[in-house]
Structures are given as structure tokens and as C-alpha cells.
Amino acid sequence: MAKTVFISYSSYNDLFVNRIIEMIEKAGLLYWKAPEMIPAGSNYAKEIPKAIQSCDIFLLVVSKESQESIWVEKEVDSAINYRKAIVPVKIDDEPLNDMYKFYLNNVQMISFMDEKDKLCKLLENSNGNTGVRYIVEQSSGNKQDMESRKENIRIQNTFTLNKAPVECEYCQGALEKVSMGVYRCTICGRESYDYFQKVKRYLQENGPTNAVIISKDTGVPKQAIDYFLKEEYLDIFKGGRR
């Protein structure tokens with residue numbers, strides 16, 4: 001299984017975090033980030049400690065804003081308690097406050113501005129397998145490149161239950177990623193979704209539903225739905241009524 005990176009950050013730094021996520025994905029790693037991965041009906045206090053406990057790498061985005069965030073402070077404290085490998089990535093010139101100097105004593109700091117290659121190499125070396133939850137696809141008019149990207153997605157899909165779309169389901173055009181699990185066709189402009197987003201959107205429209213019915217209506221294998229349920233990514237009834 002690919003290793004998982006927990007991203008601890010301030011929401012004020014979303015732009016930088018999105019760039020870091022691209023590097024994580026290209027390194028073939030999974031990642032966990034609030035609030036997107038907080039299941040419907042759950043909360044931060046329940047899900048964040050569980051995600052930190054199960055992650056392989058705790059990636060701390062260090063900034064003026066994150067040093068002032070009570071949530072980031074709690075996450076760092078939790079990571080230390082669980083003895084996680086902490087990778088601090090500094091994205092501004094704000095000096096570390098006393099608390100962070102204490103937390104990060106003897107931990108090597110990576111500057112995102114000056115050492116992006118080092119961070120990328122660190123992430124790649126941390127990975128022992130291939131398989132990503134979310135795949136970044138760029139559009140291109142070159143047919144050969146398009147087929148190469150499609151084949152790459154097919155290969156990556158063999159390593160994960162959350163399959164990404166290979167091509168537009170309406171016109172077979174190339175897809176570009178617009179958000180997590182959401183892809184837009186470069187030709188017709190329609191959206192396609194990975195398995196998780198398909199099930200999530202189905203539940204939002206139809207409410208709690210039997211997994212067998214969801215699989216029939218969405219085309220998502222029941223095995224994948226059961227996995228999302230087991231990992232508490234979704235809140236659905238296991239049996240019974242629609």
C-alpha cells in the first residue's frame with residue numbers, strides 16, 4: 001500500500017497547500033486533509049486524531065498563520081504523542097515562536113521556496129509502492145500523449161479501490177482535474193468523477209441507501225463502497241430500505 005501523508009496547515013495557506021498536494025500526488029502517495037476528508041455527519045475532533053494515528057508521514061506546513069492556529073497546535077501535539085515522522089515545510093519568513101521551537105527541536109526544516117526539489121525527493125523516497133487516491137491530469141492536444149496518460153491512469157487504478165475516470169464518459173475526450181475526484185472534459189466541458197465522488201454525490205441526492213442499490217445505480221463496485229463505509233468516509237445503511 002502507498003504511504004499516507006497527513007497535511008497539517010492553516011486554511012489561510014490553501015494556495016501553497018494545493019501546490020504541495022500536487023507534489024504528494026506525483027510522488028505516488030495518498031494524503032489526508034481536512035475539511036474535505038471529514039465524512040458527512042462526523043467532526044474534526046473525531047476524525048483528525050484517527051487520521052494522524054494511521055498516517056505514515058505528518059507534513060506540517062509552517063507559516064505565521066499555522067503558528068497561530070489552535071487546530072494545528074493540537075495536530076502537532078497529537079503527532080508527537082503518536083511518534084509520527086514529522087516533515088515541517090516552511091512557506092514564509094516568519095520566525096518560529098517558542099512553542100514551535102520546542103516542538104521542532106532537532107527536526108530539519110524544509111523551505112518550500114528554496115528546496116522544493118528536496119521535498120519532492122523526500123516524498124518519493126518515502127513511498128514503497130505505486131497507487132494514488134487522486135490523480136492529476138493535464139489536457140493536451142497530442143493524441144499520443146493523451147493515450148499515454150489514459151494508460152497511466154489505468155495502471156494506477158489497479159492499485160486503488162477508488163478508481164479515477166480514464167476519459168470523458170460522454171465524448172471520450174481528455175480530462176483535467178478541477179478538484180479532488182472531479183474531472184472536467186477538455187472537449188465537451190462535462191464533469192466526470194472518481195468512485196468516491198460518484199457515491200458521495202449519489203448519497204447527497206438520494207439520502208442513505210443500501211450499498212447494493214448504490215452499486216447498481218452508479219456502477220461503482222460494492223467492494224469499493226464497502227471500503228468507503230468501513231473507513232468511515234461515507235455514512236450509509238448497510239442493508240434495508242432506500
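Buried means under 20% relative accessible area, exposed over 50%, and partly exposed in between, using a 1.4 Å probe and protein chains only. This is a predicted model, where local features need pLDDT of at least 70, side-chain atom pairs count only at pLDDT 80 or more, and totals for chains, interfaces and linings use all residues. Residues are numbered from 1 along each chain as its sequence is written, and side-chain values use heavy atoms, with hydrogens and water left out.

The protein chain has ten helices and eight strands. Helices (H or I, at least four residues) and strands (E, at least two) are DSSP runs, numbered from the N terminus.

**Overall figures**

- Of the 242 residues in the protein chain, 45% are buried.
- Contact means heavy atoms within 4.5 Å. Among contacts in the protein chain with a separation of 6 or more, 62% come from residues 24 or more positions apart.
- The protein chain exposes about 13,100 Å², and carbon and sulfur atoms supply 47% of that area. Accessible areas come from the Shrake-Rupley method with a 1.4 Å probe; for residues, only the protein chains shown count as cover.

**Nonpolar cores**

- A nonpolar core is a set of buried Ala, Val, Leu, Ile, Met, Phe, Trp, Tyr and Cys residues joined through side-chain atoms within 4.5 Å.
- The largest such core holds 41 residues, and Ile7 and Leu60 have the most contacts inside it.
- At least two residues of this core come from each of β1 (4-8), α1 (14-26), β2 (30-32), α2 (44-54), β3 (57-62), α4 (70-81), β4 (85-90) and α5 (98-103).
- Strand β3 gives the most to this core, with six residues.
- Setting aside neighbours within four places in sequence, Ile7 touches Val17, Ile21, Ile24, Tyr31, Trp32, Leu59 and Val61.
- Another core lies apart from the largest one; its eleven residues include Phe196, Tyr202, Ile214 and Phe228.

**Helix α10**

- Helix α10 spans residues 222-230, and its buried residues are Ala224, Ile225, Phe228 and Leu229.
- Seen down the axis of α10, these buried residues fall within an arc of 140 degrees, so they line one face of the helix. The arc is that of the directions from the helix axis to the C-beta atoms.
- The buried residues of α10 pack against α8 (195-206) and α9 (211-218).
- Exposed Gln223 and Lys230 sit on the face of α10 turned away from its buried side.

**Salt bridges**

- A salt bridge is a side-chain nitrogen of Lys or Arg within 4 Å of a carboxyl oxygen of Asp or Glu. The structure holds seven of them.
- Side chains of opposite charge can pair when their charged atoms come close.
- Lys33 pairs with Glu36, with the closest N and O atoms 2.6 Å apart. Lys33 is buried, at 2% relative accessibility, whereas Glu36 is partly exposed at 35%.
- Glu191 and Arg184 form another salt bridge, at 3.3 Å from N to O. Glu191 is partly exposed, with a relative accessible area of 25%. Arg184 is also partly exposed, at 33%.
- Lys222 and Asp226 meet in a salt bridge at 2.8 Å, N to O. Both lie in helix α10, four residues apart, about one turn of the helix. Lys222 is partly exposed at 37%, and Asp226 is partly exposed at 32%.

**Surface patch**

- Tyr44, Ile70 and Trp71 form a nonpolar patch on the surface, with about 290 Å² of accessible area together.
- Patches are made of residues with over 30% relative accessible area and no salt bridge; like charges are joined within 9 Å, and nonpolar side chains (Val, Leu, Ile, Met, Phe, Trp, Tyr) within 5 Å.
- Ile70 belongs to helix α4. Ile70 is partly exposed, at 47% relative accessible area.

**Backbone features**

- Most residues other than glycine have a negative phi, and most peptide bonds are trans.
- Ala34 and Pro35 are joined by a cis peptide bond, with omega about 5 degrees. Pro35 lies in the loop between β2 and α2.
- Arg83 has a positive phi, near 55 degrees. Arg83 is in the loop between α4 and β4 and is exposed, at 76% relative accessibility.
- Gln172 has a positive phi, near 65 degrees. Gln172 lies in the loop between α7 (143-157) and β6 (175-179) and is partly exposed, at 42%.
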